[in-house]
Amino acid sequence: SRTAAAPPTIPRTRGMSSPLSSHPEGRAARSLVVPAQAPDTVGTAAGALMNFGDDINFLKGLIDDAVARNPSSALSWFWSGWMRTFACEPDTAIAHLERSLRLDPRAPRRAFHLTPIGICHFFQRRYEQAAPQLEASFHELPSYPTTIWFLIACYALMGRLAQARALAERTGVFASDGWLSSATLFRNPEYRDHLFAGLRLAAGR
């Protein structure tokens with residue numbers, strides 16, 4: 001299967017309720033856990049629902065079930081990789097994303113694989129490995145803000161401040177303070193702070 005579906009975006013607002021409690025999409029997600037449901041459909045729904053709340057464990061369960069029922073699905077491994085990225089399980093995330101690419105080496109929009117791989121290396125302080133992944137993603141899809149934020153932070157923490165600030169100026173990411181609430185999906189506060197540290201350094205704050 002092809003991994004053409006768009007990955008999750010980082011929400012700009014805080015305090016969102018859990019999709020598995022009050023949000024109607026969350027209640028609908030529970031109905032997906034039925035034997036007749038196609039695993040790829042379940043995986044894609046779980047990935048999309050990451051934008052609506054913080055019950056990552058339930059959503060990981062949906063993804064794990066989809067992978068177990070169809071281990072040759074590149075799409076299920078793709079969403080599992082994104083889920084582990086936001087759950088702050090970087091090495092597992094990289095392994096799942098790389099498996100997705102091995103299953104579908106001609107996947108459209110490779111940027112959606114490269115960005116989370118770069119993010120995971122960034123969180124592990126492996127900046128020399130993170131930067132090429134994020135750069136390749138940015139060159140393919142320069143409009144994807146998640147890539148831009150992490151590439152700027154990565155450059156800054158590598159000491160490449162001129163490049164970080166040039167990219168920030170070119171993309172206008174510091175035109176407002178919206179970027180300060182950009183990491184609500186990342187479940188580990190230390191990882192969020194690490195992203196913010198790089199962005200603040202680039203912004204001179």
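Entry 1. I looked up the contact of α7 with α8 in this predicted model. From α7, I listed Tyr 127, Ala 130, Ala 131, Leu 134, Glu 135, Ser 137 and Phe 138. Their partners in α8 are Thr 147, Ile 148, Phe 150, Leu 151, Cys 154, Tyr 155 and Leu 157. Sorted by class, this contact holds 11 nonpolar, two polar and one charged residues.

Entry 2. I then checked the geometry of this pair. Helix α7 spans residues 127-140 and helix α8 spans residues 145-157. Their axes come within 9 Å and cross at roughly 145°. I noted the crossing of α7 past α8 as left-handed.

Entry 3. I turned next to α8 and helix α10, the latter covering residues 189-203. The two axes lie 8 Å apart, and the packing angle is about 75°. I therefore recorded α8 as roughly perpendicular to α10. On the α8 side, the contact is made by Trp 149, Phe 150, Ile 152, Ala 153, Ala 156 and Leu 157. On the α10 side, I found His 194, Leu 195, Gly 198, Leu 199, Leu 201 and Ala 202. The contact of α8 with α10 comprises 10 nonpolar and two polar residues, with no charged residue.

Entry 4. The average pLDDT of the protein is 80, and 75% of the residues score at least 70. Residues 10-36 have a pLDDT below 50, although this stretch has 62 contacts in the model beyond near neighbours in sequence. Where pLDDT is low, the predicted coordinates should not be read in detail.

How values were computed. Residues numbered from 1 in each chain as written. Predicted model: local features only at pLDDT ≥ 70, side-chain atom pairs only at ≥ 80, totals over all residues. Heavy atoms only, no water. Axes fitted to C-alpha atoms, helices over the stretch in contact; angles between N-to-C directions. Helix = DSSP H or I, 4+ residues; strand = E, 2+ residues; numbered from the N terminus. Left-handed = near helix turned anticlockwise from the far one by under 90°. Contact = heavy atoms within 4.5 Å. Nonpolar A, V, L, I, M, F, W, Y, C, P; charged D, E, K, R; others polar. Parallel < 35°, antiparallel > 145°, perpendicular 65-115°, else oblique. pLDDT = per-residue confidence, 0-100.
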